[in-house]
Every structure is written in structure tokens, then in C-alpha cells.
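Subject: A structure for you to look at

Hello,

I am passing a structure on to you, with some notes on what turned up in it. Please open it alongside this message.

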Amino acid sequence: IYLNVKLGYDVQNHWYASESGKYSTTPSGQFWTGVQSVISLSEEHVLTAGLDYRLNDVDFENWSLSNWEDIHSRTKKNYSMSGEVGTFGLYVQDEWTLLDNLSLFLGARMDYWSTRDGTHTFWDSGSSSYITEDFSTENENAFSPKASVVYKPVEKTTLRASVGTAFRGPTANDLYKDWSYGSKLYRGNPDLTPENNFAWEVGVEQKAWEGAIVKLT
């Protein structure tokens, strides 16, 4: 039995100042951890199982500057967005050796995605005050099975095929981060929903000579 444990925390502090006198700052952080175990059940079966967890937060602010070359010359906060996104996944895969040159992989993953503490604050010129709106809390579950087969008819030739589904939930940056590049403004969209994908694939890998491999998928 092999056991692998990982743990980390990433911090980013992205900011941008434009000649129009706007200053955007987006500090964000992500805590992530995971545990994976590989178990040899028998000569024919190798089981891989694990879990992943990620918590991503972002806090975007847009300010007006009296001097665009000095990011400390902030005069008024125009608007802000912030929120957190959590993802939790469990997965398992069985590598089944049917023959010496034929292997079958059967696996599945269960994901849980959720948002919380999403909020938007903006300056309302009509009332000369800030207005704050809270975004609704969202969550979704997804079950993603997958199957693949690997066959080697001869030593230098490998045939592969797979079919399965996948799931991706929007990150906190996708939902709550606005940022500018040149004259373009890229806006976060709190109404984004998770993506679900169905895919299949077939391919061949051929070793030609020492150091040369040709692949077609």
C-alpha cells in the first residue's frame, strides 16, 4: 500500500493601474489538500483511491486614482466583489490486468462544488452612497464515471480507447474577479454554473526506432 498526502496554500496579489485613472486589485488565496492511496489487491488488480479539497477566495476592488502612476493616490472605491468557492472530490480507479498485453481501467469520481459569502458593493451616484448586494449560495453534486482500455498487440505498438464524463465548477476568480488589460475589461460572472462534459477518445502509439515515437489520437 502506497499513501501520498499533499497540503498547500497559494497566495496571489494581482493589481493593475491604467492611464484612465483606474486601479484594480485582486488579492486571492487557495488552500488545497489531498490524500491518495495505491493498493495492490492482487496480481491482476491495482486500486487507486483518494480525495481532494480546495477552498478558493477572492476580494476584488476597483478604485479611482488622482495620479495613475501612484497606486496610493486612491480617491474613491467604485465597486468591489468578493466570495469563496469550495470543491471536494472522492475518486476510485481499478487497473485490471486481463492479459499480459491487455489492461482495463474502471473509475469514478464524485464532486461537490459550493459557493459562499459572495457579495457586490458599488457606488450609487443617485443616493450618493454605497449599495451592497449578496449573491445567492450555490452548490452542485456530480458523479463522473470513466472506462479505458490499453492493448499492446506487439511490443512497439499500443492501442488506447476511453469514454467518460467530467465536471468542472467555476473558480472564485471566474465568479468574482474583474481585471483589465490594455483597453479591455474582463468581468467575473457570479451567474456561471458548473460545466459537465462527455468525451470519448481512441489512439495509437507506435515506437519507430530508438528515441522516436509516433502518436495519433
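To begin with a question: does Asp111 count as buried or exposed? With a relative accessibility of 9%, Asp111 is buried; the term stands for under 20% relative accessible area, while exposed is over 50% and partly exposed lies in between (1.4 Å probe, protein chains only).

Some background first. This is a predicted model, in which local features need pLDDT of at least 70 and side-chain atom pairs count only at pLDDT 80 or more, while totals for chains, interfaces and linings use all residues. Residues are numbered from 1 along each chain as its sequence is written, and side-chain values use heavy atoms, leaving out hydrogens and water.

Now the salt bridges (a side-chain nitrogen of Lys or Arg within 4 Å of a carboxyl oxygen of Asp or Glu). The whole structure holds 8 of them. In one, Asp111 pairs with Arg109, with 3.0 Å between the closest N and O atoms. Arg109 is partly exposed, at 27%. Both residues belong to a salt-bridge network that also includes Asp52.

Another joins Glu205 to Lys215 at 4.0 Å. These two link distant parts of the chain, 10 residues apart: Glu205 is in strand S11 (residues 195–207) and Lys215 in strand S12 (residues 213–216). Strands here are DSSP runs (E, at least two residues), numbered from the N terminus. Glu205 is buried at 15%, whereas Lys215 is exposed at 60%.

Finally, look at Asp117 in strand S5 (residues 102–124). Although not a glycine, Asp117 has a positive phi of about 55°, and it is exposed, at 55% relative accessible area.

Best wishes

Note on methods
Helices (H or I, at least four residues) and strands (E, at least two) are DSSP runs, numbered from the N terminus.
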